[in-house]
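Please look at the sequence and the structure before reading on.

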Amino acid sequence: MSLKLPEIPVTRRDDLHNLEYVDSADLILFMAGNQFMVMEELLAAFQQAYPEVKRIFYETLPPGLELQQILAGGACFGGTEIRVTPDVYTAVSETAMQELTQKGLVNEYFVYLHNRIVLMVPQGNPAGIRRVTDLARDEVKISQPGPLEDITRHIVAMYRKAGGETLVHRIMEEKRAEGTTIFTLVHHRETPLRIQKGTVDVGPVWATEVIHAQREGVPVEVVDPGAELDQRDEVNYYVAALTNAPHPENARKFLSFIRSPEAQGIYARYGFLPHFPTPQ
């Protein structure tokens, strides 16, 4: 029995890149969405190294939604079906890679990158957020990534380490019922917007999201939870080529490139923590 095609919200059009190439691409990438700010520079460098790979269609959606697409064989977007199989898939969840391996869709995968969690606040930090436990305060409104986003389990682990199950329950259950924890669907777009509009006081995000927002002129600051809480040793980015990749040779080229010093250096400039050596 075929799976029902997942729905890509029409508001996520910005996460479908080069859609005009979807049926004629030389390479198809499903990239964990929180890498969106890196992709233009990364792919320009990749195509300079491999100029024969001319047309690249790529997505920067939450990897949970991308996984659903892989398993269902496509997705619906704006009333039309996108029947596309990626050559390469990346995720911040080893469980996703294990599921694809069990289904015979992936033979091997590897870690290529790391990240860490920080708290994004408005410029001036008017709510006076100093530590993770401040998010439990009644008056503090939180932009909280929802359950479909890979970052969520790392955020919950941070809460647990900072204040035990009491803090997890307070933020994820009680404050959600009170309306002061507001879930997101795509946190790297919604949290900066909410902070700009003043509808929230704080949002846990990848460190790379704050750097990107600041480069874009968004008036935000960072509250750093510190190395003991920020999950830097737990956040692994995994990458794999699909066994049914439509362009297997180009997939191999991309996997080779992504671990190169040049690619790792590009990621480092955007605040990611490289897994492989960067240029000296």
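In this predicted model, helix α1 meets helix α7 through Leu42, Leu43, Ala45 and Phe46 on the α1 side and Asn250, Lys253, Phe254 and Phe257 on the α7 side. Sorted by type, the residues of this contact are six nonpolar, one polar and one charged.

Two packed helices are described by the angle between their axes and the distance between the axes. For α1 and α7, the axes come within 11 Å and cross at roughly 115 degrees. This angle makes α1 roughly perpendicular to α7. The crossing of α1 past α7 is right-handed.

Helix α1 also packs on α8. The axes of α1 and α8 come within 10 Å and cross at roughly 165 degrees. An angle over 145 degrees counts as roughly antiparallel, and α1 and α8 are therefore roughly antiparallel to each other. On the α1 side the contact is made by Glu41, Leu42 and Ala45, and on the α8 side by Glu262, Ala263, Ile266, Tyr267 and Arg269. The residues of this contact divide into five nonpolar, no polar and three charged. As for handedness, α1 passes α8 in a right-handed crossing.

| Helix pair | Axes come within | Crossing angle |
|---|---|---|
| α1 and α7 | 11 Å | roughly 115 degrees |
| α1 and α8 | 10 Å | roughly 165 degrees |

Which residues of helix α7 are buried? Helix α7 covers residues 248-258, and its buried residues are Asn250, Ala251, Lys253, Phe254, Leu255, Phe257 and Ile258. These buried residues pack against two helices, α1 (39-49) and α8 (261-269). They also pack against the strands β3 (27-30), β7 (88-91), β8 (106-114) and β14 (236-242).

The loop between β14 and α7 contains Asn244. Is Asn244 buried, exposed or partly exposed? Its relative accessible area is 40%, and Asn244 is therefore partly exposed. Leaving out residues up to four places away in sequence, Asn244 touches Thr85 and Leu105. Asn244 and Thr85 are 159 residues apart in sequence, while their C-alpha atoms are 7.7 Å apart in space.

A second residue can be described in the same terms. Tyr58 lies in strand β4, which covers residues 56-59. Its relative accessible area is 9%, and buried means under 20%, so Tyr58 is buried. Tyr58 and Arg176 are 118 residues apart along the chain, and their C-alpha atoms are separated by 34 Å.

The last topic is a sheet. Three strands form an open sheet in the order β1-β5-β6, and the pairing is mixed. Strands β1 (7-8) and β6 (80-82) stand at the edges with a single partner strand each, so one side of each has no neighbour in the sheet. How do β1 and β5 pair, in the parallel or the antiparallel sense? Strand β5 covers residues 75-77, and β1 pairs with β5 in the parallel sense over two bridges. The bridge partner of Ile8 in β5 is Phe77.

Definitions and conventions
Residues are numbered from 1 along each chain as its sequence is written. This is a predicted model: local features need pLDDT of at least 70, side-chain atom pairs count only at pLDDT 80 or more; totals for chains, interfaces and linings use all residues. Side-chain values use heavy atoms; hydrogens and water are left out. Buried means under 20% relative accessible area, exposed over 50%, partly exposed in between (1.4 Å probe, protein chains only). Helices (H or I, at least four residues) and strands (E, at least two) are DSSP runs, numbered from the N terminus. Contact means heavy atoms within 4.5 Å. Two strands pair if DSSP finds at least two bridges between them. Axes are lines fitted to C-alpha atoms, for helices over the stretch in contact, and angles run from 0 to 180 degrees between N-to-C directions. Angles under 35 degrees count as roughly parallel, over 145 as roughly antiparallel, 65 to 115 as roughly perpendicular and the rest as oblique. A crossing is left-handed if the near helix is turned anticlockwise from the far one by less than a right angle, and right-handed if clockwise. Ala, Val, Leu, Ile, Met, Phe, Trp, Tyr, Cys and Pro count as nonpolar, Asp, Glu, Lys and Arg as charged, and the others, Gly among them, as polar.
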